[in-house]
Amino acid sequence: MSASNQCRRCLLQEMTDENDYYQSVVRYRAALPAKKRTPDAAYAARLAFCKACDALNAGTCMQCGCYVEMRAARLDMHCPKEGQW
Ligand code: SF4
């Protein structure tokens with residue numbers, strides 16, 4: 001991603017992304033077995049927490065280093081900050 005399209009408080013889905021990282025997230029999520037995939041409503045709620053979090057930096061969580069949309073996609077993964085998701 002070039003510096004010009006980085007947005008500190010944005011998710012990958014909100015940024016111009018010549019490397020298609022967000023499409024990788026979409027494919028990853030679609031490939032997860034249903035029992036491992038965070039349901040849509042819970043996924044949206046997780047990402048809403050991230051959007052309001054100081055640790056979000058251009059789609060990446062500065063607490064764990066993950067793309068938040070990737071981490072939130074798995075039901076068994078959790079936010080590294082206690083009490084978020
Ligand atoms: S600390 Fe939690 S809520 Fe904040 S960006 Fe990371 S995963 Fe999201």
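Me: Which cysteine forms a disulfide with Cys-7?
Reply: The model is predicted. A pair of cysteine sulfur atoms within 2.5 Å counts as a disulfide. The sulfur atom of Cys-7 lies 2.1 Å from that of its partner, Cys-10.

Me: What is the handedness of the disulfide of Cys-7 and Cys-10?
Reply: The handedness follows from the torsion about the S-S bond. That torsion is about 65 degrees, so the disulfide is right-handed.

Me: Which cysteine sulfur is nearest to that of Cys-64, and how far away is it?
Reply: At 28% relative accessibility, Cys-64 counts as partly exposed. Cys-64 is in no disulfide. The nearest cysteine sulfur belongs to Cys-66, at a distance of 3.6 Å.

Me: Why do the buried residues of α2 line one face of the helix?
Reply: Helix α2 covers residues 40-51. Its buried residues are Tyr-43, Arg-46, Leu-47 and Cys-50. Seen down the axis of α2, they line one face because they fall within an arc of 95 degrees.

Me: Which elements do the buried residues of α2 pack against?
Reply: The buried set includes Tyr-43 and Leu-47. The packing partners of the buried residues are α1 (21-31), β1 (56-57) and α3 (68-71).

Me: Which residue lies over the face of Tyr-43?
Reply: Tyr-43 is one of the buried residues of α2. At 3.9 Å from the ring centre, over the face of Tyr-43, lies Arg-29.

How values were computed:
Residues numbered from 1 in each chain as written. Predicted model: local features only at pLDDT ≥ 70, side-chain atom pairs only at ≥ 80, totals over all residues. Heavy atoms only, no water. Lys NZ or Arg CZ within 6 Å of the ring centre and 35° of its normal. Helix = DSSP H or I, 4+ residues; strand = E, 2+ residues; numbered from the N terminus. Expected span 1.5 Å × (residues − 1). Buried < 20%, exposed > 50% of the residue type's maximum accessible area, 1.4 Å probe, protein only. Arc of directions from axis to C-beta. Contact = heavy atoms within 4.5 Å.
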